[in-house]
Amino acid sequence: MLRKLAGGRIFDPINGIDGEVRDLYVRDGRLVEPPGPGEPVDEEIDLTGQMVMAGGIDLHTHISGGKVNLARQMLPEDHTAHPRSRTETCRSGSGHIVPSTWATGYRYAELGYTTAIDPAVIPANARHTHLEGADTPMLDTGGFAMLGNDDYLLRLLATGAEQPEINDYVAWILQATQCLGIKVVNPGGISAFKFNQRRLDPDEANAHYGVTPRTILRTLSRSLHELGVPKPLHVHASNLGVPGNYESTLATMEAAEGLPIHLTHLQFHSYGTEGDKGFSSAAPHLAEAVNARDNVTIDVGQIMFGQTVTASGDTMRQFANRANADPSKSSLMDIECEAGCGVVPFHYQDDSFVHALQWLIGLELFLLVEDPWKVALTTDHPNGAPFTTYPHLIQLLMDAGLRRRALEALNPAARKASILEGLDREYSLYEIAVLTRAGPARLLGLRDRGHLAPGAAADITVYADDPDRERMFSEPVLVLKDGEPVVRQGRLLRPVTGRVHAVHPDYDPAVEAKLADYFDRYLGIRPQHYRIDDEELAEEGGVELHPCRERQA
Amino acid sequence: MTDNGSSRTLRDVVCPFCGLGCDDLTVAAQGRTLTVREGVCPISEVAFSAHPEEDRPRTDGQEASLDQALARAAEVLRPARRPLVAGLGTDGAGIRSALRLADRIGAGVDHLHGAAGMRNTAVVQTTGWITTTLAEARNRADLWILAGSDVGRRYPRFFERIARPSETLFEPPPNQRPIVFIGPETAAANLPADDRIERIPCAEDRIGEVFAALRALEAGRPLFEAEPGGVPAERLRALAERLPRARYGVIAWDAGELDFPGGDLAVEAITGLIDQLNAHTRWAGLPLGGRDGATTFGQACTWQTGFPGRVDLGPGYPRHAPHQLEAGRFAAEEADAVLWISAFDAGRLPPDTEAPTVVLGRSAMAPEREPTAYIPVGVPGLDHGGQAYRMDGVMALPLARLRESDLPSTADAIAGIEQRL
Ligand code: SF4
Ligand SMILES: [Zn+2]
């Protein structure tokens, strides 16, 4: 069936199209060339006056896996307060901050998103993450496997293993977990916390292994580069939330030694120590550092005021953050000699100096990093705020007047400590399309996503040209997933299944024997039970593999 | 299915029964008869070999075809206004399918170990907790406290695989790690002979008092009793002094055994002590459990509905009902139809009820009251593949099919019922 999407204004930054009126054609789930003369169009959808973008891609959102489920378990109040009723075609669900899987998929689609990447897949928990993925409708999914606090890698580094041996292990982990990239969280710090270290700076050694965060960052960024994995190392830097942590953040950028590196939720890592309260914005400083480096990309992790919950792999920092838990409860977990997780509810308040400044710092980063291709729009859902706040965040980026009005409600001291009031930049729709689909697709190495040229997957979102941008992005007029309409006027038409995006870089099979020995002696599980076969992902819509560049070492 | 006489040896078999998740079993298969040859324990020995014959479906007490039984099950569930879907002792796909059906018919949901799940959940919901996983504890624990659990009987390979493995990544050597057991003599009798296991006798239902006293001692507060929980204060004082000196202490409990009023408060006393100790050193809890798919259920129910069990889908959306949805009470007093699932254990029988009941059970199940429809299903990990969570909720292990079977899986049977609704 050939569908024609006629007369919409196209925002397709990957192909350099900025609001031009064009027709799009869709067949068998893909965008296709215009039909030849006499070739019939089966359905024409008139999009005159509407704004057309590729489906949204969230490259950092905690929507599945063990720690999200732990957060759900801890917050019955969120689920009781936000029920979602079953319909003829849709499952019931609940929750606003950490919604159940069905509710998550439906809500993302209702906002025009068609792909969501879970950035923190603990390898031992990967099967769980994929099982949740199978129950998360509407979305293509993918994950970043967490390394850098696992005993196996730290042991390799402590004993001076060569880079190729590490590359084999990293490649094995990517295949075993069916993930799209690698993330490191507080490099070496989650492990250090298990040895009762309470803080770890980039050049400080883990007490047991003698390995520094800098070494871990250098080795892993190099590993992905040499394996040809498109997605740069995804980094949650040391000292999250600590005043003065911008220095660790700069050291983290440097540790990649010029190789590609992505700093996630940079907002939480952009704090100085100036002022009477010893807490200040280092966003201008860090934005300048990002602007000056071609190898660095970021996402912001904007906070929004209101109730949320933080769910992080960073047990070391979450243990410290327990002091600010609101409501006052928290959970931590040490996991399988490879990782950890911590869940701490938070209530961000605009009259709090610290919270208000966090809000300001996030926006400063958005506005000061010059190249939109270097920035992805995130709230680090749910850590900064639930993903449902994206339309409001977009409006803040597009409207300096709105920002200034919002400032009036803020803690005055925080307001004074920020340069936001003087920042006039307003994002264009084209730039928003970069931040929310084109940029993330490029960063992830999803070549047929995030754009609208023939051959791309027909994940397409159509918005009304509403001057109220929050309303515009809250209620897409139409969303197509794989070429089929799934949402109209912000309302779900029917559930569909997405697929899993992954990479399978090559490894030397010799690594398998070493891992089998290690697993058997220490972990008490067989590697074949740890790894996930392609067939296991059938229910999740199957796995779509993305090519890696040729392996270098 | 006939016994074709050929014998096969299956290696690296995952055991889905007690929740410990041993994945190193060697099993001999002769036709449908399975015998665990290596990695055996008293539970797996029986659970793999029990009743290899396959039952036939029955409707209203008469043998029936699978098709007839599925149709009869649909007839029971279709008109129900207050159905109950319970038991749920099965694999991941079976549980997820059962939740889908429950959502569709607006059922109440409870797992057969729902009471144990709610004791832990009460603590997670009110204070949260600090926990660890099996491999982490195995490699790191330098002081173990077993809080009341009859570990030797309920998790027979716990010592071999977790508390006393042959090798660990970190010091001290595994055989030198002190283990303190606090609990009833009956459970102490099932501990291995090991001079590094210390036994502190304590009645099952007084565990919470002991941990409350340890909390007080650890915080430097006075004790008001000579024998908190029946344990001489001196003994607790000596233990309390050792706690902060551990580098990574682990306290294990099994909420399924804390089956007395205030069982959740006993859990909270344990996790509260752990919380305090983490101010200076590292301690973590290890909640034991997970038989009959309890951990799998807790995870899947949480991600699908937002609540970890005892959920009412009657309103058209999930509502948490930890007391109302106790399956036995709900079946007796509210339900007008019951779907009971126990695919691992034929001995887990449906609740007593006047309401028509559909049973998806492991062959040889003998309910006291004949179900309206009885559908024998395959045993996950024996008759069909799937996934089962280990007790720590982190590892979901893949299950394999070990023998030919004509029985539907739980998920197949439920899909069959749904088609006929
Ligand atoms: S200890 Fe538990 S998991 Fe291990 S073999 Fe026995 S029953 Fe199975
Ligand atoms: Zn994150």
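**Notebook: chains A and B**

I began with the surface of chain A: its accessible area is about 17,200 Å², and carbon and sulfur atoms hold 47% of that. Accessible areas here come from the Shrake-Rupley method with a 1.4 Å probe, and for residues only the protein chains shown count as cover.

Ground rules before I go on. This is a predicted model, where local features need pLDDT of at least 70 and side-chain atom pairs count only at pLDDT 80 or more, while totals for chains, interfaces and linings use all residues. Residues are numbered from 1 along each chain as its sequence is written, chains are lettered from A and ligands numbered from 1 in the order in which they are written, and side-chain values use heavy atoms, with hydrogens and water left out.

**Chain A as a whole**

I looked up the secondary structure and found 19 helices and 26 strands in chain A. Both are DSSP runs numbered from the N terminus: helices are H or I with at least four residues, strands are E with at least two. The radius of gyration of chain A is 23 Å, close to the 24 Å from the globule rule for 553 residues, so chain A is as compact as a globular protein of that length. That radius is taken over C-alpha atoms, and the rule is 2.2 Å times the number of residues to the power 0.38.

How much of chain A is buried? I got 68% of its 553 residues, with buried meaning under 20% relative accessible area, exposed over 50% and partly exposed in between (1.4 Å probe, protein chains only). Then I checked contacts (heavy atoms within 4.5 Å). Of those in chain A with a separation of 6 or more, 76% are between residues 24 or more positions apart.

I picked Y113(A), which is in strand β9 (residues 113–121). Y113(A) is buried, at a relative accessible area of 5%. Leaving out residues up to four places away in sequence, Y113(A) touches G56(A), I57(A), D58(A), Y108(A), L139(A), L377(A), Y390(A) and T436(A). I also checked one C-alpha distance: Y113(A) and D58(A) are 55 residues apart along the chain, yet 7.4 Å separates them.

Next I found T389(A) in the loop between β20 (375–376) and α13 (390–398) of chain A. T389(A) is buried too, with a relative accessible area of 18%. Beyond residues up to four places away in sequence, T389(A) touches M304(A) and T379(A).

Then I went to helix α4 (residues 126–134) of chain A, where nine of nine residues are buried. Among them are R127(A), H128(A) and E132(A).

**Chain B**

I counted 14 helices and 20 strands in chain B. Its radius of gyration is 23 Å, close to the 22 Å given by the globule rule for 421 residues, so chain B is as compact as a globular protein of that length. I noted that 65% of the 421 residues of chain B are buried.

The sheet I traced is an open one of nine strands with mixed pairing, in the order β5-β4-β18-β17-β16-β6-β7-β14-β15 (chain B). Which strands stand at the edges? They are β5 (62–63) and β15 (319–320) of chain B, each with a single partner strand, so one side of each has no neighbour in the sheet. Strands pair here if DSSP finds at least two bridges between them. Strand β4 (residues 58–59) of chain B is joined to β5(B) by two bridges, and the two run antiparallel. In this pair, T59(B) stands opposite Q62(B).
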